[in-house]
Amino acid sequence: MKVMINKYVHHLENVCSDYCMSDSDVYNILISKDDSDFPLSFEIVKDKVLKDVPSNILKNIFTLVELKSIFSDTNIKKIKNAETRKFIDSLN
């Protein structure tokens with residue numbers, strides 16, 4: 001599946017670089033929720049993105065519909081960063 005990637009996706013580059021995953025790999029996992037070809041699961045990638053990428057940057061990378069789809073099942077009680085918690089809460 002070929003997905004159009006925008007100019008802000010480079011912010012995802014370092015999220016999973018320890019696992020040889022590029023910014024487009026991270027983007028595609030989050031959009032498709034298909035992690036079968038990658039060393040990390042969708043859930044782990046999602047958690048790493050929330051931890052490492054500020055919410056204002058995520059808003060530039062993904063549409064509101066995509067953000068809701070990606071983060072809809074996120075347990076906000078597990079998120080330590082208050083800004084990130086507020087961001088996730090605003091999606092519901």
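The model is predicted, so local features need pLDDT of at least 70 and side-chain atom pairs count only at pLDDT 80 or more, while totals for chains, interfaces and linings use all residues. Residues are numbered from 1 along each chain as its sequence is written, and side-chain values use heavy atoms, without hydrogens and water.

**Exercise 1.** Classify the packing of H1 and H2 by angle, and list the residues that meet.

Step 1. Helices are DSSP runs of H or I with at least four residues, numbered from the N terminus. H1 spans residues 23-32 and H2 residues 42-52.

Step 2. The angle is about 115 degrees and the axes lie 10 Å apart. Axes are lines fitted to C-alpha atoms over the stretch in contact, with angles from 0 to 180 degrees between N-to-C directions.

Step 3. Angles of 65 to 115 degrees count as roughly perpendicular, and H1 and H2 are therefore roughly perpendicular.

Step 4. With contact meaning heavy atoms within 4.5 Å, Val26, Ile29 and Leu30 of H1 meet Phe42, Val45, Lys46 and Val49 of H2.

**Exercise 2.** Find the salt bridge in the structure and state whether each partner is buried or exposed.

Step 1. The criterion is a side-chain nitrogen of Lys or Arg within 4 Å of a carboxyl oxygen of Asp or Glu.

Step 2. Lys46 pairs with Glu43, their closest N and O atoms being 3.2 Å apart. Both residues lie in H2, three residues apart, about one turn of the helix.

Step 3. Buried means under 20% relative accessible area, exposed over 50%, and partly exposed in between (1.4 Å probe, protein chains only). Lys46, at 1%, is therefore buried, whereas Glu43, at 39%, is partly exposed.

Key
Helix = DSSP H or I, 4+ residues; strand = E, 2+ residues; numbered from the N terminus. Parallel < 35°, antiparallel > 145°, perpendicular 65-115°, else oblique.
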